[in-house]
Amino acid sequence: MDFDAIVVGSGITGGWAAKELTEAGLKVLMIERGRTIRHQIDYDTETKAPWDMPFRGRGDTERYLRDYPVQMLNRQFNEFTEGHFVNDAENPYTTAEGTDFTWFRSYQLGGRSLTWGRQSYRWSDYDFGANLRDGHGTDWPIRYADLAPWYDKVEDFIGVSGAHEGLAQLPDGHFQPPMALNVVEQHVREAIRARWPERCLTIGRTANLTEAKPDEGRTACQYRSICARGCSFGAYFSTQSSTLPAAQRTGRLTLVTDAAVSGLDFDPATRRVTAVRYMVSGQQHRATARLVFLNAGAFNSVHILLNSASEATPNGLANSSGVLGTHIMDHANTLSAVALMPGFEGHTTFGNRPNGVILARYRNMDRMDGDGHTRGYSFQGGALQGTWTAGKREAGIGLDYKQKLRHPGAWRMVLVGFADCVPRARNRLTLDRSRNDAAGLPLLHVEFAFGREEQAALTQAKRDADEMLTAAGGRVIMGFDQPGPGGTAIHEMGGARMGHDPATSVLNRWSQAHDAPNLFVTDGAQMSSSACQNPSLTYMALTARACAAAVGQLREGRI
Amino acid sequence: MMAADPGPDRRAFLSGAALLALALGVPIAALELSPGDSPSARQQAILREACALVIPRSDTPGAGDVGVADFVVLALAHGLEDSRKPLTAELAARYTADVRSDLSLLHLEWLEAELDRRSGGDFIRRRPEQRHALLAALDRAAFADAAPVHPWRTIKALILLGYYTSEAGGAVELRYVPVPGRWDPDLPQTPDTRAISNDWSAVDFG
Ligand SMILES: Cc1cc2nc3c(=O)[nH]c(=O)nc-3n(C[C@H](O)[C@H](O)[C@H](O)COP(=O)(O)OP(=O)(O)OC[C@H]3O[C@@H](n4cnc5c(N)ncnc54)[C@H](O)[C@@H]3O)c2cc1C
Ligand code: SF4
């Protein structure tokens, strides 16, 4: 054996797997398809001002339409951050007729840990119990209690700031001190609570440090809100700032970058994955290990398993159930309401808080009060002041106009709805055998549509958002009830779901393949339902938990 | 990202262009324009004047002082603010004289013709206060227009973008605070409070 374990991917979950496995004493190879980006050294645009950039930070639309037609649709994508997103033209995928799926990706050391929005929420038993309760999808083989200690561990290490609220649906964690709500958000929180005591608007729980972690070389956040460029203060959680240095400190990590995994070898006699195949500069390589962790991001991990079909596993590896690739999800996501918030003209703020607010789920908990849907929705957003960009929408030229744009503008409050996505068999990933990638492998093919449930949830969310902002004294100026295309929430997940039964699921309760006990899939592919809050903290907790299980089974000689 | 080797002829052109760019303070990409995107001297003069009229010099520099017109030319050639997006056939019919074959607008041709038309002759030769009044009238009409896009609204958006992302606009007219270091959730706002140009959520959503 070349290694004790191989970790595929270096993003949010791969970094965690590498840290946990090396710290447990294993010799680990981490394989990353993208380029190296060194912490602090390679954040090329971090300190640049708009006037230092050829297109003033906006970027070259013409080139983006050609090379980044999908990535450019995401708000974090701009001239400062374009190097942290994939070139769509070089990394194609195909979609079924009628499917509009925007797949936002970062292929580089650190993956999307560099570009993510850092919102970090625990899931609750409303989420882990959702499938059992309404019969969609398959029951999760775990509950909140299984994951709680792992959430503790992950929060302690990555650093999550947030406020304790005592909500069953959004459990409190081990938080650093919260960032403050701004004056308008504080008012809206109180106005909503006065009328709807069960609705809680609280500051976002975010993996940005409000207290330094000097032992790990991480400084407290400086309130710049340019995180996706990379942060030399190490003030937000990324692979580079946090898990990778921890793994490297053990001296047991080998890292290869610019190396795309093309497939896994499987021995049907022993039911083990025997090797990982990967390509470096057009050359095929092979590495062997006792354990393999797939952390390539939900869709890429499924892609690797589909591309690992063999005579013994004709429909893809770990797919004796036939459900591999099915039941993919993303939160149904839309701008539910924007309101002008009069009465705060004499107030402003200082600093760029890299965080917003969350209004926790309140529907379909102990009472089924969803209108045409059985799950939850929550809101994220915040209150902000306008600025010169508002001038684009107004008549005016000359000195008065310039003078007006000099000052912070009107306050407005934004609520973006995130609705639970029901797991459905027809939403699925397959191989497109008509087209190959650069390595000669069939492209990934996405078939996805939201259904009645998500539509109903967003319709109710819009109504509620309108009502709440109006009750808080706002004047709602717009709102939508149609979800953006699949992928908009950038919480794509599922495809290798966990379940009790090997006949209907890919992974067991330890994120371990039913068909290949030395194979673990601990990214978003393992998710059996979607909840309505951001998933990455849960992926991390599941990864840490799976690593402990894998190491335990290895020590006991069971794998 | 590096562009492919441009080859000897193009390289000679580029190095000449680079010198010119240095002299003008224009990003070099501005000079890599296909023939259809290079405005005439007169169109450039009109655009410069429009910049100065929208954001005039006050106690801080104006948009006419800091090369905003050059940025607008570059931005129009590269499609910022959706400026290269084809119009609907219906809208294109309104602008027949100034649309490309792909139905995208030739904004600077349009601006020249429109201001001359409103001047009943040569816009540039009008007195300054007349030029202001003519552009203000066009501006009012553009914002009263219900059509989803209007060439003046696009040009004006690019003038604002060019100005407030220039050092003069971003750090002299407004404040630029690259490392705030703290978060104050509620401060008094007075008539003297200047906006912070790197308040990104305000820029994106304001
Ligand atoms: C703009 C943005 C905002 C977001 N905001 C939030 C948020 O606020 N909260 C939240 O919870 N989530 C958020 N997300 C989602 C979050 O980033 C992902 O859920 C998370 O990164 C998934 O972790 P991962 O390890 O599974 O995948 P990734 O972080 O994507 O890492 C996967 C890695 O695997 C590599 N890889 C892929 N295929 C191969 C292969 N064949 N061989 C070798 N390597 C491979 C990739 O290059 C990449 O480095 C956001 C994402 C984006 C882009
Ligand atoms: S806001 Fe905080 S975490 Fe983000 S880049 Fe700035 S200092 Fe780093």
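Trainee: How many salt bridges are there between chain B and chain A?
Mentor: This is a predicted model, where local features need pLDDT of at least 70, side-chain atom pairs count only at pLDDT 80 or more, and totals for chains, interfaces and linings use all residues. Side-chain values use heavy atoms, without hydrogens and water. A salt bridge puts a side-chain nitrogen of Lys or Arg within 4 Å of a carboxyl oxygen of Asp or Glu. Between chain B and chain A the count is four.

Trainee: Which residue of chain B forms a salt bridge with Lys392(A)?
Mentor: The closest N and O atoms of the pair are 2.6 Å apart. The partner of Lys392(A) is Glu81(B).

Trainee: Which helix of chain B gives the most to the side that touches chain A?
Mentor: Helices are DSSP runs (H or I, at least four residues), and strands are too (E, at least two), numbered from the N terminus. Contact means heavy atoms within 4.5 Å. By that rule, 69 residues of chain B meet 58 residues of chain A. With seven residues, the top contributor is helix 7 of chain B.

Trainee: What area do chain B and chain A bury between them?
Mentor: Buried area is the accessible area (1.4 Å probe) that two parts lose on being put together, summed over both. Carbon and sulfur atoms carry 60% of it here. The total is about 5,700 Å².

Trainee: In strand 1 of chain B, which residue is the bridge partner of Phe350(A)?
Mentor: Strand 11 (residues 347-350) of chain A pairs with strand 1 of chain B, antiparallel, over three bridges. Pairing requires at least two bridges found by DSSP. The partner of Phe350(A) is Asp184(B).

Key. Residues numbered from 1 in each chain as written. Chains lettered and ligands numbered in written order.
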